[in-house]
Amino acid sequence: MIPVSEALKIVKGETFILSSETVDLNESIGRILAQEIIADMDLPPFDRSQMDGFAVRSQDTEKAPAKLKIVGESIAGKGFDGEIKTGETVRIMTGARVPSGADAVQIIELTQRADENFVEILGAAKPKQNIVKRAAEIKKGESIFRKGERITENMIAAIASFRYARVKVLRKPKVAILATGSEIVDISKTPKQDQIRNSNSIMLEVFGKKAGAETTVLPIAGDDISNLKLQISEALKKSDVLIITGGVSVGDYDFTKPALRELGAEIFFEKVSLKPGKPTVFAKLGGKLIFGLPGNPVSVAVTFFLFVRTALLKMQGAENCDLKKGMARVSATIKGAKGRDSYLPVSLATDEKGNLIVESLRFSGSSNFIAFSRADALVFVPQNTSLEAGDIAEILYLP
């Protein structure tokens, strides 16, 4: 039985990086960049007005009100190409290029037209007032986004602004999901006595897609080692990662580990000092990754987020593969486990001072997926200890 930290180290060390592909920008949301995004121009590409008003030489307005001659206008897409001289001004719109010679823009509300050719500037303008300088946002040649960053909706406009109609990203991992156990039936069926619906596969399908994978749910494998070996072999031909749920313990009908051994898989670990999720298996066969997860739904979820998600993100070249960590105050006693670290599902709230608070769920065990459905995070409880009300605990945010 190995610590969670050692198990994570092994998973990361054995995980390979997938090849890259180029996709249309509008299809890149959620993908991991395989290239650096570089600015091909200054942004803004010129001194830009922040307001509607008049572009002026600030020294001409020091003794406002000041009467200035209107010599032209500058609008978005068609700037004024001349140079403003002493006593002159240009009508300017928001986003338009500031003319040469002007060093400020006075807002329209502080001006008054004298006639068609002249305007009165009613308030003194300070140098640089209402002007965004050229390259204030970014300079040509600077990096905007790095390799390994996940593309979000908020990044699209920035990427598009620098002529990236298509971007290079890491290929999505192909993940096969295989539930085992003769007691498992499809979620569309009514279970008979001693049977349960296959909630694990659809849960893993959703989790996998959220982590950027292409997922395939395989037919349920009963408690038959020959059939299980066949399904494992076939699944690995078409996938980068195989997730097996159930059959990883040491009971008479737990065939996952024997099947992997008979197929010649290299098993890196098969027990983790973890609650829930002790009998987690990590193996490799034919260069493909295999995760054997426990059958109880909460154990499946916890071990997916700790280990499988880490591997899927690393395969895509993500900068950070781990769950985001934080600290929060515990509201009530949370008991740990003897000889194992606990990563228990909890909900989060804030107190009247805005402090983050860990609130225990009515968690009766690793089969309690009803409680897990309300979880916001996992709270870490070191082995052989308990957290008391008021203690500060480490949490891992669920994505």
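Helices (H or I, at least four residues) and strands (E, at least two) are DSSP runs, numbered from the N terminus. By that numbering, Lys128 is found in the loop between β9 (118–121) and β10 (131–132). The structure is a predicted model, in which local features need pLDDT of at least 70 and side-chain atom pairs count only at pLDDT 80 or more, while totals for chains, interfaces and linings use all residues. Residues are numbered from 1 along each chain as its sequence is written, and side-chain values use heavy atoms, with hydrogens and water left out.

**Helix α4**

- Helix α4 comprises 13 residues (225–237) and should span 18 Å at 1.5 Å a residue; its end C-alpha atoms are 19 Å apart, which agrees. The expected span of a helix is 1.5 Å times one less than its number of residues.
- The buried residues of α4 are Leu228, Gln231, Ile232, Ala235 and Leu236. They cover an arc of only 125 degrees around the axis, which puts them on the same side of α4. The arc is that of the directions from the helix axis to the C-beta atoms.
- Buried means under 20% relative accessible area, exposed over 50%, and partly exposed in between (1.4 Å probe, protein chains only).
- An α-helix has 3.6 residues a turn, so residues three or four places apart point the same way.
- Ser226, Leu230 and Lys237 are exposed residues on the face of α4 that is turned away from its buried side.
- The packing partners of the buried residues of α4 are β13 (174–179), β17 (241–245), α5 (256–263), β20 (281–285) and β21 (288–293). Contact means heavy atoms within 4.5 Å.
- At the start of α4, the backbone nitrogen of Ser226 has a side-chain oxygen of Asp224 within 3.0 Å.

**Backbone geometry**

- Most residues other than glycine have a negative phi, and most peptide bonds are trans.
- Leu43 and Pro44 are joined by a cis peptide bond, with omega about -5 degrees. Pro44 has its place in the loop between β2 (37–38) and β3 (48–49).
- A cis peptide bond also runs from Lys275 to Pro276, with omega near -5 degrees. Pro276 lies in the loop between β19 (274–275) and β20.
- Lys128 is not a glycine, although its phi is positive at about 75 degrees. Lys128 is exposed, with a relative accessible area of 61%.
- Asn384, a residue other than glycine, has a positive phi near 65 degrees. Asn384 lies in the loop between β26 (377–381) and β27 (386–387) and is exposed, with a relative accessible area of 53%.

**Aromatic and charged side chains**

- A search of the whole structure finds eight aromatic pairs. Rings of Phe, Tyr and Trp (its six-membered ring) pair if their centres lie within 6.5 Å; planes under 30 degrees apart count as stacked, over 60 as edge-to-face and the rest as tilted.
- Phe207 and Phe305 form a tilted pair, at 4.6 Å centre to centre and 45 degrees between the planes. This pair links distant parts of the chain, with Phe207 in helix α3 (residues 199–210) and Phe305 in helix α6 (residues 297–315), 98 residues apart. Phe207 counts as buried at 16% relative accessibility, and Phe305 counts as buried at 6%.
- The rings of Tyr343 and Phe380 have their centres 5.2 Å apart and their planes at 40 degrees, so the pair is tilted. It links distant parts of the chain, with Tyr343 in strand β24 (residues 341–350) and Phe380 in strand β26, 37 residues apart. Both Tyr343 and Phe380 are buried.
- One aromatic cluster is formed by Phe268, Phe269, Phe282, Phe291 and Phe307.
- Arg91 lies over the face of Phe54, 5.6 Å from the ring centre, and the charged end of Lys324 sits over the ring of Tyr397, 5.6 Å from its centre. A charge sits over a ring if NZ of Lys or CZ of Arg is within 6 Å of the ring centre and within 35 degrees of the ring normal.

**Asp42**

- Asp42 lies in the loop between β2 and β3 and is buried, with a relative accessible area of 17%.
- The side chains of Asp42 and Arg134 make a polar contact (2.8 Å). A polar contact is a pair of N or O atoms within 3.5 Å; within protein, one must be able to donate a hydrogen and the other to accept it, and residues adjacent in sequence count only if both atoms are side-chain atoms.
- A polar atom of the Asp42 side chain lies 2.9 Å from the backbone nitrogen of Lys140.
- Not counting residues up to four places away in sequence, Asp42 touches Arg134, Ala135, Ile138, Lys139 and Lys140.
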